[in-house]
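Subject: A structure for you to look at

Hi,

Here is the structure I promised to pass on. Have a look at it in your viewer first, and then read my notes below.

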Amino acid sequence: MDKNTYLSEMDQLNSAAGEFTSACAEFMTLATSSSTEIDDLYDSVEKIRESKASFLEFNDINNPPEGYEDAHKQLAESSKNFGEFIDRYCDALKKTLDGEEVDTTEIEADLE
């Protein structure tokens, strides 16, 4: 992969982080509204989940440009971990919506 393509892929992580933040804010707005339908909340959770794609795709890059190998290894691992965190977070949100008790210990540890 050439350097410019790689840097473009890195920029996608910023966009993905923005999508994640925006989707979480939308969920919170819906969750605090008295007129929200439960299906809208489930749809909102899936919107949050969709934001993980770019993080997991970045982790799949196996040919970073020369000189970026070490940094890529660390960034790719962090991207994968964040993508997996998004899944755990969304699973917890859905369980909460279903009225199930959720152990948030792992999620809280990830956030720290």
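Below is what I found, going from the whole chain down to single residues.

Before anything else, keep in mind that this is a predicted model.

**The whole chain**

The protein chain has five helices and zero strands, so its pattern along the sequence reads α-α-α-α-α. Along its principal axes, the C-alpha trace spans about 55 × 25 × 20 Å. Of the 112 residues, 27% count as buried. If you take the contacts between residues at least 6 apart in sequence, 70% of them join residues at least 24 apart.

α1 has 29 residues and reaches 42 Å from its first C-alpha to its last, close to the 42 Å expected at 1.5 Å a residue. For α4, too, the count is 29 residues and the reach is 42 Å, close to the expected 42 Å.

Which residues of α1 are buried? They are Y6, L13, A16, F20, A23, C24 and F27, and they pack against α2, α3 and α4. As background, an α-helix has 3.6 residues a turn, so residues three or four places apart point the same way.

In α4, the buried residues are H72, A76, S79, G83, F85, I86, Y89, C90, A92 and L93. What covers them includes α1, α2, α3 and α5 (105–111). Just after α4, you will find G99 with a positive phi of about 85°.

**How α2 sits against α4**

Two packed helices are described by the angle between their axes and the distance between the axes. On the α2 side, the contact is made by I38, L41, Y42, V45, E46, I48 and R49. On the α4 side, I86, D87, Y89, C90, D91, L93, K94 and L97 make it. The residues of this contact divide into 10 nonpolar, no polar and five charged.

**The core**

The largest nonpolar core has 21 residues, and F20, I48, I86 and Y89 touch the most other members. Click on I86 and look around: leaving out residues up to four places away in sequence, I86 touches F20, I48, R49, S51, K52 and F55.

S44 has its place in helix α2. Is S44 buried or exposed? S44 counts as buried because its relative accessibility is 1%, and the cut-off for buried is under 20%. Setting aside neighbours within four places in sequence, S44 is in contact with A23, E26, F27 and L30.

L41 is also found in helix α2. With a relative accessible area of 10%, L41 is buried. Not counting residues up to four places away in sequence, L41 touches F27, L30, A31, T36 and L97.

Cheers

Note on methods
Residues are numbered from 1 along each chain as its sequence is written. This is a predicted model: local features need pLDDT of at least 70, side-chain atom pairs count only at pLDDT 80 or more; totals for chains, interfaces and linings use all residues. Side-chain values use heavy atoms; hydrogens and water are left out. Contact means heavy atoms within 4.5 Å. Helices (H or I, at least four residues) and strands (E, at least two) are DSSP runs, numbered from the N terminus. Ala, Val, Leu, Ile, Met, Phe, Trp, Tyr, Cys and Pro count as nonpolar, Asp, Glu, Lys and Arg as charged, and the others, Gly among them, as polar. A nonpolar core is a set of buried Ala, Val, Leu, Ile, Met, Phe, Trp, Tyr and Cys residues joined through side-chain atoms within 4.5 Å. Buried means under 20% relative accessible area, exposed over 50%, partly exposed in between (1.4 Å probe, protein chains only). The expected span of a helix is 1.5 Å times one less than its number of residues.
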